[in-house]
Each structure stands twice: as C-alpha cells, then as structure tokens.
Amino acid sequence: MHWDPAFFSPRAAQNLDVSHLMRPIQLLRPRYVADRVWLAMHQKLHPDAPWLTAEATRRLDDWLLPTHVGIEWGSGRSTIWFAQRVKHLVSVEHHAGWHAAVSDSLEKAGLHNVDYRLHPCEPERVETPEWIAAMFASDYVRAVDTFGPQSIDFALVDGMYRSACALAVLPKLRPGGRLIVDNVNWFLPSGSRAPSSRGVRDEPLSPTWVEFQVAVADWKQEWTENGVADTAIWIAP
C-alpha cells in the first residue's frame, strides 16, 4: 500500500499494511474525503502534535503532569511531545533509520529525559502459539520490564506487536494510569466510520486482541476518532 506522508506517520507505514481491508469506494466517499482534508489542515496547523486523533491529544495534554513517567512503543512526534511534558519516557523503536532521525530531533530539542531504545524485530505473523510466545519474549515487548508493577502513569502503543505490548503493560500501570492504543479501529470492533475498521459485529483481529478486550472490559474507555483512524484511551482502575 502507498502511504501518503501528509496523513500517516512513517512508523505506521512500517508496521501494518491494511490495504486489503480498504475498498476503493470507501476512499471516495465525500465524508472520508472531508475527513482527510480536515486532518491535513489540522496537522499543518499543529506540526508538533503526535500522530493521534486531535481529541486524544487534547485529553492527554489536559491530564499529563511534569511528574509522570511512561513508555511508548513506536516513536516520532509523540516522543518529543511527551518528553516536553513529563519527567521520564522510555521509547521503543524497531526501525534503525527512524531511530536515528528521532534521536537527532531529541538532541536538537535538548531533551535528555528519554531512554530511547532500538529493538529490531521480526515482521508480524499469523498468531500461532509459537508466534505469540515469540512476541512476548522479544526485547521489543520486554522493554516494559524496566518498570515494576503499578509504577508508570501512561503507555502509548503505536508500533509493532501492539496486542502483546498492550497486554504486557497492563500490570505496570498505576490506578488512574492511561493506556493509549492508536489505530485501534484496525484491531477491535467498533462503530468507527474510518475505512479498514472492524465493525461492531466483527471479532477482534486476533487471539491476543481477544485477550486484551477481555482484560480491559471493566476499564473506563475513551474512544476517539477523526474519520481516518481512531485512538482509544483506557484508564486503569
């Protein structure tokens, strides 16, 4: 699939191809075209904002504190944005070239509160028991072991092995902590109008997403959308 950099982050292009889910007719609907135009305008007006929905970004900006500590899988604008607002961030990236570019941006911005890690990993596969075990054992996911139980305030899942990362970080979040999953409409059923979304009658994408859905069933959820992609925030009980 060709990814337009005006609308998608480089990490999204690296991580998941959903072209087989996007029917051409969906991309020509007036509402979707309008959503894309609005998103382009928003990104031009807010060039430093994370590649999340505007509503999710606003909610996080209102909530984050200078004392907060967190982790993100998948780096980019969010890395700078979080680092400017919180005490400490562990950021995990799988792509060496992108890691070098973001490292340079952090240095130029004079930000030294980011533990920025490069953990290359294998491409995503069909979730056999062997592959599920391999995901959870990877250095990429296991970066979360830096933290003890209920010791972090937030986690952003926006890179590789998203279901495994989301599951692995659940016990690390403090009560009231935020778990943010971007492009969540690709993985969990919803009423999202964005193309490539799983419908309300669909099952989660894979067994680990089923496990995640069950694990957070009692958590408060804030689901946001912009017509192109959705960002969900779960609040730890």
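Guide: What follows covers confidence, cysteines and nonpolar cores.
This is a predicted model, in which local features need pLDDT of at least 70 and side-chain atom pairs count only at pLDDT 80 or more, while totals for chains, interfaces and linings use all residues. Residues are numbered from 1 along each chain as its sequence is written, and side-chain values use heavy atoms, leaving out hydrogens and water.

Visitor: What is the mean pLDDT of the chain?
Guide: On the predictor's per-residue confidence scale from 0 to 100, the chain has a mean of 88, and 85% of its residues reach 70 or more. Over residues 1-25 the pLDDT is below 50.

Visitor: Why is the pair C121 and C165 too far apart for a bond?
Guide: A disulfide requires two cysteine sulfur atoms within 2.5 Å. The sulfur of C121 lies 8.4 Å from the closest cysteine sulfur, that of C165, so the pair is too far apart for a bond. The whole structure has 0 disulfides.

Visitor: Why does C165 count as buried?
Guide: Buried means under 20% relative accessible area, exposed over 50%, and partly exposed in between (1.4 Å probe, protein chains only). C165 has 0% relative accessibility, and therefore counts as buried.

Visitor: What makes a set of residues a nonpolar core?
Guide: Its members are buried Ala, Val, Leu, Ile, Met, Phe, Trp, Tyr and Cys residues joined through side-chain atoms within 4.5 Å. The largest such core has 39 residues, and those with the most contacts inside it include W73 and Y140. Apart from it lies another core, of 21 residues, with W81 and W98 among them.

Terms used. Contact = heavy atoms within 4.5 Å.
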